[in-house]
Amino acid sequence: MKPVRQLPSMGSWWRASVRAVLWSTLMILLVPTLGRAQASSQDTIPDSTGDRAPVLLGPVTVTATRTAKDVFLTPNPVDVLDRLAISRRLSNNVSDLFRDLAGLDVAGVGVNQVRPIIRGQRGQRILVLEDGMRLNNSRRQQDFGEIPALIDVTSVERVEVVRGPASVLYGSDAIGGVVNIITRTPEGEGLHGGASYRYSTHDTQSKATGTLSGRFGAFSFIGTGSYRNADPYDAPSGQFGAIRLADETPVFGTGVQDESLDLYAAYEVARTHRVFAKYERYRADTTGFGYVDPAAYAPELPAIQIDYPFQRFDKVTVGYQASDLNTPLADRLDVIGYYQDNDRRFNLDVLVSDIPFGPGLMGDIRTTSTNFTDLTTFGTRVEATKFVAGRVLLTYGADFFRDDSENTDSSLVEIIIPGVPAPPIPPSTTPQVPFASLRSIGVFAQGDIQLTTRASLILGVRYQDVRARTESTPGLDVTPLTDTDRTVVAAANGLYQLTDNLAAVVAVGRAFRSPNLVERFFNGPTPEGLAFQQANPNLEPETSLNLDFGLRYRDRLVDLEGFVFRNEIRDGIRIASTGDSVQGLPAFQNINVGKLRFWGVELQGTVRLPRGFSVGGTYTYLDSKDVLDENNPVGDSFDEKITGRVRYNHPSDRFWLEYGVRHNGERKDAELLIGNPVGDVLPSFTVHDIRSGVTVFRRGAHTHRLGVTVVNLTDELYAEFANAGFFRPEPGRSLLLNWEMSF
């Protein structure tokens, strides 16, 4: 179980840095020239203001600052994916959208288990929001945050990603970044709706969705529902590192049967006062962590099967929103409360074969464990904004949430020796985590200051109080424990427009993450079944200091940005060996380590060419290390990633076609275990996709569209790097079809 690490050479680090600097310098110097040359070959846009340049309208974000702001003028690294981009990707969930974006990656496989990675951080270091309210809960393993698949992509209006810390606005967990899933609201007067059907060949997936919305005077509503059935997919034959698959091989546990329902209604009490209510329901069955039978590539390894027989999620949200108040304390006020119930069952089956039990006696040991968790959450957020002295937009408020966790556990160990009666081993029903609660209260304030016509500065501060407490638990004889964390964080983000088209961004932010209930109190076999995790209720919260510097360029034909960041995490929570063994498994425990350092370069750009063509691409370099122990690997994502795309859009939106390519370079310092079948180096891979769409019929608001996508065009065997340690490859070449109707 001891990790192995091969440190990158100074030569490889230097080459990566030089490539990044040259790439960004070349783009910043040459792309504006290319844009002007293209502009001269096309009709110019009339300028009704005389000498003043035309105003450029770009995507808008609300997540980074809590107020609507043009991304170009936002002093944070931000990505915005709108509904059109989401529908064209034909993704299973919003995390699938991140594979081609700079600085972003994914962990997990299959239809609903894929989770986001931002700048090498994942799990509890990424805060997932829905409409600005947290989805994260305190009952997940550190590396497994809440699944964004709880929110069906059909109900999503857009996805906003903040790369970097955001604890000032959102509290715990926002060390690596924030993913805000913003759902649809009613549009336009009258009745509107739509339906779609998706089919994919690799998992014989069928998914049907429907949406109906309406706005009639002061009342509006929208409802979205979906049903999906997908089988486990096959990985293609081929070689990935030291693993070779001779034939197409099933990746078990990657299918799902799920359904979702999202109902929203709002009423305008007055012109600037609105109340709303929302109910969400998600049900998923027969899904899993994903696994390949080791008999196909490494028969000496144990067979580990992780399944989620069911997950039930219900959420009710109510709120009041007011604008144009013009009171001494607020111009805008939001008061939102929510209650959610999250039930799930988790099964772990580990089979270790060919164990010697004596002279001439060989047998197997099978360990089966089951966990049921019932997690309820109540949360609220009160937020106000006030424009002060004509230059300062003040945002302030308070938030609260409380997670209450109850669970039951059972495990059974069987010894199987052919021809020999199995010795009886009584099953265990001892809970691995005691009944517990985690309560969080935070207050925050942020000022968006317009210093000059070209310079702005955002200053923010938050105070957070988090308390974790165990409770009386059937099957456990423990003394109740209480642990409290109190943290103050702050951030300063500045933007200066060097020209009308070029802006510089500098950001400094401190973030934090309180240990969750699993990290503090879990005591039992780990999910992959290879170790035993012992409780550590004395963990300290993680804190981080992040620095960002970036440049953005934008004109009518060009969008370009480049960021360099450095994120240093103190008291980082890491799993470490205790040197002991429990139940025959090596014992591990979460501990605080002194300093983890992550830095990288993120570059991305798009150039719009004549006649409907455009080209774009990204480059990302990530590096990470444990400052106090450089032999301890902390890499959990790619080292380098390059993506490119060429797109054609028909002028009347009748047809579009896109070719995309993604290359992940090899990684030598990944967090792998001794004996990992992939090898000590995660190999590079290149994936090609072709996506297209056609408007089959359009008359007024009534439209029919057909989308066709071919993924993994070359049928390459590969695994996303976070899925390589516990080998879970991606599907082979697949055809995705999607029909969509709207009215």
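About 460 Å³ of space sits inside the largest cavity of this structure, which is a predicted model.

**The largest cavity**

- Its lining is made up of 26 residues, and the ones closest to the centre are Asp96, Arg99, Val711, Glu730 and Pro731.
- If you sort the lining of the largest cavity by class, you get 10 nonpolar, six polar and 10 charged residues.
- Strand β38 (residues 685-699) gives the largest share of this lining, with three residues.

**The second largest cavity**

- This one has a volume of about 260 Å³.
- It has 25 lining residues, and Asn76, Pro165, Ala166, Ala491 and Asn493 are the nearest to its centre.
- By class, the lining of the second largest cavity counts 13 nonpolar, nine polar and three charged residues.
- Several elements each put at least two residues into the lining of the second largest cavity, among them β10 (156-163), α3 (167-170) and β26 (455-470).

- Strand β33 (residues 585-608) has 17 of its 24 residues buried, so it is largely enclosed by the rest of the structure.
- Strands of a sheet pair through backbone hydrogen bonds, and they can do that in a parallel or an antiparallel way.
- With strand β30 (residues 532-534), β33 pairs in the parallel sense over three bridges; here glutamine 534 is opposite glutamine 589 in β33.
- With strand β32 (residues 558-582), β33 pairs in the antiparallel sense over 21 bridges, and aspartate 559 has threonine 606 in β33 as its bridge partner.
- β32 and β33 make a hairpin with two residues between the strands, where glutamine 583 has a positive phi near 55°.
- Strand β34 (residues 613-626) runs antiparallel to β33, and 13 bridges join the two; glycine 605 faces glycine 617 in β34.
- β33 and β34 also form a hairpin, this time with four residues between them, and arginine 611 in the turn takes a positive phi of about 65°.

**A three-stranded sheet**

- Three strands build an open sheet in the order β5-β6-β7, with antiparallel pairing.
- β5 (104-107) and β7 (121-122) are at the edges with a single partner strand each, so one side of each has no neighbour in the sheet.
- Strand β6 (residues 115-118) pairs with β7 in the antiparallel sense over two bridges, and isoleucine 117 has arginine 122 in β7 as its bridge partner.

How values were computed
Residues numbered from 1 in each chain as written. Predicted model: local features only at pLDDT ≥ 70, side-chain atom pairs only at ≥ 80, totals over all residues. Heavy atoms only, no water. 1 Å grid on protein atoms, 1.4 Å probe; cavity = no way out; pocket = protein on both sides within 12 Å on 5 of 7 lines; lining within 4 Å. Points joined across faces, edges and corners; volume = space filled by probe spheres on them. Nonpolar A, V, L, I, M, F, W, Y, C, P; charged D, E, K, R; others polar. Pairing = 2+ DSSP bridges. Buried < 20%, exposed > 50% of the residue type's maximum accessible area, 1.4 Å probe, protein only.
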